[in-house]
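Q: I have just opened this model and would like to be walked through it slowly. Could you take my questions one at a time?

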Amino acid sequence: MMRQLLARVFASISVVFGAVTLLFLILNWLPGDPATLIAGQDASAEMIERVRTQIGLGRPIGEQYRDYIASLLRGDLGTSYVTREPVLDRISSQFPATLSLTLGASLVAVVVGVGLGVVSARYHGRWLDQLIQSAALALVSVPAFWLGILSILVFSVWLGWLPVLDDGTFWPSVLPVGCLGVFVSVPLLRLVRDGLIGTLSEPFVMTLRAKGLGERRLFFVHALRNALIPAVSLLSVLIGDLLAGAVIIETLFARQGVGRLAVEAIGSKDLPMVQGAILFASTGYVLVNLLVDVAIVAIDPRTRARARGA
Amino acid sequence: MIERGLDRVREGDGALPAGVSLEARATRPGSVWSGLARRLEREAPSLDDAGPAASADSSQPGSNGEAAVRRARARRLSLAQVLLLSSFAAVAFFILCALVPEWVAPYAPTLMHGDAVLTGPSAEHWLGADQFGRDVFSLVVYGARQSLLVGVSAVLVGCGVGVSIGLVAGYFGGWVDLLAMRLIDIWMAVPNILLAIALSTALGPSLGTTILAVSVASVPRYARVLRGRALAVRGQMFVLAARASGASHLAILRGHILPHCIAPALVLATLGVGNAILMASGLSFLGLGVNDDRPDWGYQLTQARAYLTVAWWAVTFPGLALTALVISVNLLGDALRRRLDPHGRAHGGNPPATTPRERAA
């Protein structure tokens with residue numbers, strides 16, 4: 001068990017390291033020239049050269065990479081080309097906003113996803129189930145930003161129920177959190193529904209039914225519990241969707257956050273900032289994945305047994 | 001969902017395991033299933049009208065319950081067909097728009113009607129006009145080209161690369177497999193849209209960058225699924241036989257492994273078109289897509305967003321077109337999946353334990 005955990009942690013670290021390298025190669029090695037990007041399209045060759053030496057781009061790529069890794073290990077993500085602030089400071093000041101957005105959205109996703117999934121399975125094959133499934137299909141086919149735009153149109157512009165601009169209360173957060181939450185709830189909904197329907201046809205359910213257990217208790221206690229285990233492992237997929245969605249939603253609603261920071265940094269050609277923000281998000285993603293793996297071993301006795309047997 | 005019910009009925013009817021679809025089996029002459037398929041085929045017309053006379057005609061000692069199931073089956077089938085047909089029609093319409101937009105659109109997409117700026121839907125401008133007085137309907141029609149172009153090319157590139165990686169990893173196994181899968185893990189650790197952002201930053205926004213960014217994000221999905229299939233097929237007798245008779249690895253991959261993996265790849269690719277279109281529109285929205293004069297739904301939405309309070313039609317219809325296209329493509333992909341990949345069902349009964357997939361697990 002402990003050995004397995006250690007192996008998993010080691011694998012996660014190597015994946016993060018790989019992601020760092022991949023991003024470094026994409027941003028520093030691809031044909032696009034950062035110096036030209038920073039100096040502007042119509043800067044003189046001399047000026048481009050000056051920028052190049054200033055940010056240390058003239059050196060061989062291997063040397064740059066070594067320095068980059070070394071500073072990363074010291075916890076230094078570099079300095080913004082634009083504001084001259086350390087990238088890590090900017091990211092940590094923006095992180096709470098992103099965290100509260102994604103946490104709120106996960107809550108919404110769990111409530112909506114599990115709730116509707118249960119309803120859908122309970123009325124399996126009936127019109128309510130078909131309605132929910134159709135809505136789910138429509139939702140995965142809608143671009144997230146358009147959903148956001150429509151929700152602003154309906155709830156703010158037409159109905160006037162919810163403000164969009166920040167006024168210090170939590171009301172302006174309702175739409176972004178709700179949009180992101182509903183958006184990421186679809187995979188959860190489908191998994192819970194299919195899992196429940198699958199579980200209900202398993203022999204142990206038949207046994208319980210034969211022993212005279214009430215249909216309600218059977219459904220909500222025994223079947224739901226089994227159907228929720230795969231839902232936990234889905235969290236790792238969910239977190240990726242959440243991060244991607246946060247970039248869009250933060251930009252759309254002009255909220256603070258790491259996602260918007262990254263998008264704005266692209267606009268101002270601020271490479272260290274883009275790199276830092278993406279790295280931050282990827283590390284978070286890998287970390288959550290690791291936690292999910294550990295959590296599954298903790299809640300599902302079968303995986304423990306398998307680990308012992310192996 | 002609908003078809004799943006149908007398969008249940010089929011299984012109950014003739015003890016068909018959840019295997020390849022009935023029609024596909026029946027194409028093999030003399031197979032165990034052909035007799036059963038012929039019988040079902042004979043019954044097929046009687047299912048359609050499902051009258052009392054028809055059920056009396058049936059070769060089975062049909063009880064009332066059985067007849068009811070058949071009627072339900074016939075009704076459900078038609079619903080599924082209606083959905084499928086409308087998806088086909090929608091996709092065909094968008095392809096028409098992409099190929100010859102001038103046949104469909106009433107105006108040129110760049111034509112500015114000075115007297116129509118920000119006017120709502122009317123007889124002249126069916127879906128209204130935007131902030132420049134451009135006809136929204138014409139813009140939507142012309143925008144189809146960009147979305148389909150990006151969607152299809154991104155899938156071709158991503159599918160090609162992903163399938164190759166997956167096949168090679170699964171077929172050779174060992175350290176090649178280990179290396180490839182680690183690479184895919186890393187690839188997946190950077191969330192899709194952030195990877196696309198990094199690529200767009202490095203290469204600058206252009207049509208090529210968008211296609212590359214979207215396709216790169218989709219590679220791991222193809223690679224993972226195809227690796228699993230290749231892994232399952234590589235130990236089969238016919239592969240060993242080919243190897244023993246001196247066929248090269250490349251020939252085996254192309255001639256024996258690939259044909260066995262083509263169905264899931266095809267399904268993933270179809271579903272991937274919808275995803276690619278969505279992601280490309282998201283990139284456009286973030287300002288990372290193509291932002292030249294070519295009409296593009298994502299960019300159109302971004303521009304119209306500023307006029308949200310005064311012109312709902314300019315933000316509603318391009319998004320609606322985008323959604324309609326993606327839903328249709330997804331429905332087609334779903335139908336294809338049911339047809340080609342019966343084992344992939346969430347709960348369509350357990351496949352026999354001897355399927356390659358089981359052995360790989």
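Q: What does chain B average for pLDDT?
A: The average for chain B is 75, and 73% of its residues score at least 70. Over residues 1-62 of chain B pLDDT stays under 50, and the model has 65 contacts beyond four places in sequence for them; over residues 344-361 of chain B it also stays under 50, with 29 such contacts. Two residues are in contact if their C-beta atoms, placed from the backbone, lie within 7 Å. Where pLDDT is low, the predicted coordinates should not be read in detail.

Q: And what are the ipTM and pTM scores?
A: The model scores ipTM 0.81 and pTM 0.77.

Q: How are things numbered, and what gets counted?
A: Residues are numbered from 1 along each chain as its sequence is written, and chains are lettered from A and ligands numbered from 1 in the order in which they are written. Because the model is predicted, local features need pLDDT of at least 70 and side-chain atom pairs count only at pLDDT 80 or more, whereas totals for chains, interfaces and linings use all residues.

Q: How many residues of each chain are in contact between B and A?
A: There are 39 residues of chain B in contact with 44 residues of chain A. On the chain B side, α8 (174-189), α9 (192-203), α12 (249-285) and α14 (312-340) each supply at least two residues, and the largest share, 9 residues, comes from α9(B). The residues on that side of chain B divide into 24 nonpolar, 13 polar and 2 charged, where Ala, Val, Leu, Ile, Met, Phe, Trp, Tyr, Cys and Pro count as nonpolar, Asp, Glu, Lys and Arg as charged, and the others, Gly among them, as polar.

Q: At what angle do α8(B) and α10(B) pack?
A: Helix α8(B) packs with helix α10 (residues 207-233) of chain B at an angle of about 145°, their axes 9 Å apart; axes are lines fitted to C-alpha atoms, for helices over the stretch in contact, and angles run from 0 to 180 degrees between N-to-C directions. From α8(B) the contact is made by B:I184, B:W187 and B:M188, and from α10(B) by B:V219, B:P220, B:A223 and B:R224.

Q: Switching to chain A, how many helices and strands are there?
A: Chain A has 13 helices and 0 strands, and of its 310 residues 35% are buried. A residue is buried if 20 or more other C-beta atoms lie within 10 Å of its own, exposed if 12 or fewer, and partly exposed in between, with C-beta atoms placed from the backbone.

Q: Is A:A254 buried or exposed?
A: A:A254 counts as exposed, because it has 11 C-beta neighbours inside 10 Å. This residue is in the loop between α10 (215-252) and α11 (258-267) of chain A, and has a positive phi of about 50° although it is not a glycine. Most residues other than glycine have a negative phi.

Technical notes: Helix = DSSP H or I, 4+ residues; strand = E, 2+ residues; numbered from the N terminus. pLDDT = per-residue confidence, 0-100.
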